[in-house]
Amino acid sequence: MAISGCDTIDLAKKYGTPLYVMSEDEIRRVCGSYVASFQKFYHGNGRPIYASKAFCCKEMCRIVLSEGLDLEVVSGGELFTALQAGVPGQNIHFQGNNKTIPELELAVDNNVGDIVVDNLSELEKLERVAACKGKVVHISLRIKPGIDAHTHEFIRTGQIDSKFGLDLASGEAFCAVKRALELEHIKLMGLHCHIGSQIMEKEPFVHAAEVMLGLMSQIKTELGVTLDFLNLGGGFGIHYKETDDFIPYIEYMEAVSIKIHEKCTELQLDLPKIFIEPGRSVAGEAGITLYTVGGIREIPDVRSYVAIDGGMFENPRYALYQSDYTCLIANKANQPAGYTATVAGKCCESGDLIQEHTKIQTPEEGDILAVLSTGAYNYSMASNYNRNPRPACVMVRNGEGRVIIRGETYQDLIRNDL
Ligand SMILES: *Cc1c(COP(=O)(O)O)cnc(C)c1O
């Protein structure tokens, strides 16, 4: 089994396991196709923004920036990473439902181009920070459009019962717009929404675009203000299993752009700049994780546990929300997958599983097990639970690999212990 021309068994030997492997070819291909779709559907009036929380490190920031994407960050740490990687503040969009004063100060000091304000108290907080620094900051407002996307409840965000954003239906959003327009150190540039993640249908995106343009039109007619941009968020689903009912993200882009053009004509609204914020669909399928198989515990009439040298500390997604994954034995990839396995991690939790009742090739101790589509929300959600060091990440391209994140050592684990 190979990735970007690199043999996975060679990678496991050279760098050790567990190991995150990311394909630069695939990341660049996806970025390029998003950029091209903005040419096609909006004549370049707008751009994709990479939601860096999916996979955030300096090299990833540099790669997406070089492909012409902006960066979205949701914490001071992600912002710092992007700045350290050389991303200009102007290309950064700062999200988050409870940004702290130091985070806002970091953003203002570095001239972040778009602070996405989540709520009214944050709006006032940011006004004070900007006033102290004698700057006018460009913002957008995160709106809760009241849309229920059919995805896991923990990754749904657009419905009324959500901790994110200003409620549209109750008039809170419109109030926030009016308030933002009054503030001296705030310049309101656009509106934002993000309805959830791993969404497999086009309709919620189309509906969100329609609802958001309705608000833009109300702002124009009632307040005489034409906003510059509309950011429609991310959330496009990817393949975890072969059976995933998958829509290529370009189809979402097309369906949404048709609605936007129609709706702007109907509302006599100039076409705003359009942004989208894909995270998972940029990084997810580009990544795999390699493990070494340890003990195999076959419990008759119950299940067979196949233990690996990783687990919830480097991929907590199954433990968090039973995410699907495809697993295979990389050194037996051409053999039939006839063995039903529960792939278990090495942490002291019964729920530390990567996948249950999944078909793999017959495993033996020492085999290399690969889990596919782990590029998003794996490294970025990793922890040191049980004092396991986070694995290294190798970027592969054209048959060559290079370490982009060093694996942690035991020394790293005690670095801050006093
Ligand atoms: C997480 C997030 C995204 C990216 O979502 P994906 O499902 O990874 O595409 C985009 N925008 C916001 C505001 C987010 O919180």
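Author: A polar contact is a pair of N or O atoms within 3.5 Å; within protein, one must be able to donate a hydrogen and the other to accept it, and residues adjacent in sequence count only if both atoms are side-chain atoms. This is a predicted model, where local features need pLDDT of at least 70, side-chain atom pairs count only at pLDDT 80 or more, and totals for chains, interfaces and linings use all residues. Residues are numbered from 1 along each chain as its sequence is written, and side-chain values use heavy atoms, with hydrogens and water left out.

Reader: How far is an oxygen atom of the ligand from a polar backbone atom of Gly-235?

Author: The distance is 2.9 Å. A polar side-chain atom of Tyr-377 is 2.6 Å from a ligand oxygen.

Reader: Which residues are closest to the ligand?

Author: A residue is near a molecule if one of its heavy atoms lies within 4 Å of it. Here 15 residues surround the ligand, with Lys-53, Ser-197, Glu-277, Arg-280 and Tyr-377 the closest.

Reader: How does that shell divide into nonpolar, polar and charged?

Author: Ala, Val, Leu, Ile, Met, Phe, Trp, Tyr, Cys and Pro count as nonpolar, Asp, Glu, Lys and Arg as charged, and the others, Gly among them, as polar. The shell has three nonpolar, seven polar and five charged residues.
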